[in-house]
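Please work through the exercises below with the sequence and the structure open beside you, and try each task before reading its solution.

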Amino acid sequence: MGATLRNRSIISIVVVAVFALPLVIFAQTAPHAGPAKTRTVSAAPDFSGVWFMDEYHRNILPKEDPPFQPWAEALFKKRNFENEHREPDSGPDPTERCIPPGIPRTMLQPFPWEIVQARDRVIMIFEYQSLIRQIFMDGRGHPRDLEPTYMGHAIGKFEGNTLVIDTVGFNDKTWLDPMGLPHSDAMHVIEHIRRVDHDTLVDEYTIDDPKAYTKSWTTKRIFKLKPDWQIQEYVCSENNNVK
């Protein structure tokens, strides 16, 4: 790949400026005389901070293949062949032409990403290609006539200590992993993100794409908090240079 990966273990990282916007709870005064009743409001889990994957795998499913539809399996094998017989610094992977990796692959690149929590949305800031993802948390649904995009349209909600993200509206131009795992424009991604301890975030991805796979399948990744890291500028140009 044209993009040079930095060795994070030998770089001096400055302290991260966390953008997290706290939720604001407004007190309500009772309109009648007498002592005001106190309402107990459950605070949303705090996932804010810079995160980096615990282990990097080129396969989104490290130990097995997903349940392919025949055309998807044939395309996957074709892409594997092209990957193995590629020219140096040139290949079929769309990211080598600065195409966004899409979801969930953007989160699985060996680059850090940051979670910022606001009142009505969760924002993910990715160092890779300087991409931004918005997860709307205000109760809206998906628009009926979505224009297909690389990142899709994401809505979310908290279920206890878990953030559940529902994303649809993808185009079919991205690969699910560097090996060439395909998907169609019918792909539906459900994520369950939870913080298992202060420094560890787990994201479980369920891929439902009946055009490409015979049934839905699930994978997960573990991310570690990097409190002394900050998101840096990443510029991908058409000649495959990273500046």
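The exercises that follow concern a predicted model, and each one pairs a task with a stepwise solution.

**Exercise 1. The chain as a whole**

Describe the secondary structure of the chain, and state what share of its residues is buried.

Step 1. The chain holds two helices and nine strands, and their order along the sequence is β-α-α-β-β-β-β-β-β-β-β.

Step 2. Of the 243 residues in the chain, 44% are buried, while the accessible surface amounts to about 13,600 Å², with 52% of that surface belonging to carbon and sulfur atoms.

Step 3. Among contacts with a separation of 6 or more, 60% are made by residues 24 or more positions apart.

**Exercise 2. Salt bridges**

How many salt bridges does the structure hold, and what do the pairs of Glu 96 with Arg 86 and Asp 93 with Arg 105 connect?

Step 1. The structure holds nine salt bridges, and the general principle is that side chains of opposite charge can pair when their charged atoms come close.

Step 2. Glu 96 and Arg 86 form one of these through their side chains, with an N to O distance of 3.0 Å. Both residues lie in the loop between α1 (70-84) and α2 (105-108), so the pair ties together parts that are ten residues apart in sequence.

Step 3. Within this pair, Glu 96 is buried at a relative accessible area of 5%, whereas Arg 86 is partly exposed at 28%.

Step 4. The side chains of Asp 93 and Arg 105 meet in a salt bridge with an N to O distance of 2.7 Å, a pair that links Asp 93 in the loop between α1 and α2 to Arg 105 in helix α2, twelve residues apart.

Step 5. Asp 93 is buried at 2% relative accessibility, and Arg 105 is likewise buried, with a relative accessible area of 2%.

Step 6. For a further example, take Asp 138 and Arg 140, whose closest N and O atoms are 2.8 Å apart; here Asp 138 is partly exposed at 40%, and Arg 140 is partly exposed at 37%.

**Exercise 3. The disulfide**

Identify which cysteines are joined by a disulfide, and state the handedness of the link.

Step 1. The count comes to one disulfide, which joins Cys 98 to Cys 236 at an S to S distance of 2.2 Å.

Step 2. The angle about the S-S bond is -85 degrees, and the link of Cys 98 and Cys 236 is left-handed.

Step 3. The pair links distant parts of the chain, with Cys 98 in the loop between α1 and α2 and Cys 236 in the segment after β9 (217-225), 138 residues apart.

Step 4. Cys 98 is buried at 17% relative accessibility, whereas Cys 236 is partly exposed at 25%.

**Exercise 4. Strand β8 and its partners**

Explain why strand β8 is described as largely enclosed, and find which strands β8 is joined to.

Step 1. Strand β8 covers residues 200-208, and seven of its nine residues are buried, so the strand is largely enclosed by the rest of the structure.

Step 2. Strand β7 (residues 188-197) runs antiparallel to β8 and is joined to it by nine bridges; the two form a hairpin with two residues between them, and Ile 190 stands opposite Thr 206 in β8.

Step 3. β8 and β9 also run antiparallel, joined by eight bridges, and in this pairing Asp 203 stands opposite Arg 221 in β9.

Key
Residues numbered from 1 in each chain as written. Predicted model: local features only at pLDDT ≥ 70, side-chain atom pairs only at ≥ 80, totals over all residues. Heavy atoms only, no water. Helix = DSSP H or I, 4+ residues; strand = E, 2+ residues; numbered from the N terminus. Buried < 20%, exposed > 50% of the residue type's maximum accessible area, 1.4 Å probe, protein only. Contact = heavy atoms within 4.5 Å. Areas by Shrake-Rupley, 256 points an atom, 1.4 Å probe, with all protein chains shown as cover. Salt bridge = Lys/Arg side-chain N within 4 Å of Asp/Glu carboxyl O. Disulfide = S-S within 2.5 Å. Pairing = 2+ DSSP bridges.
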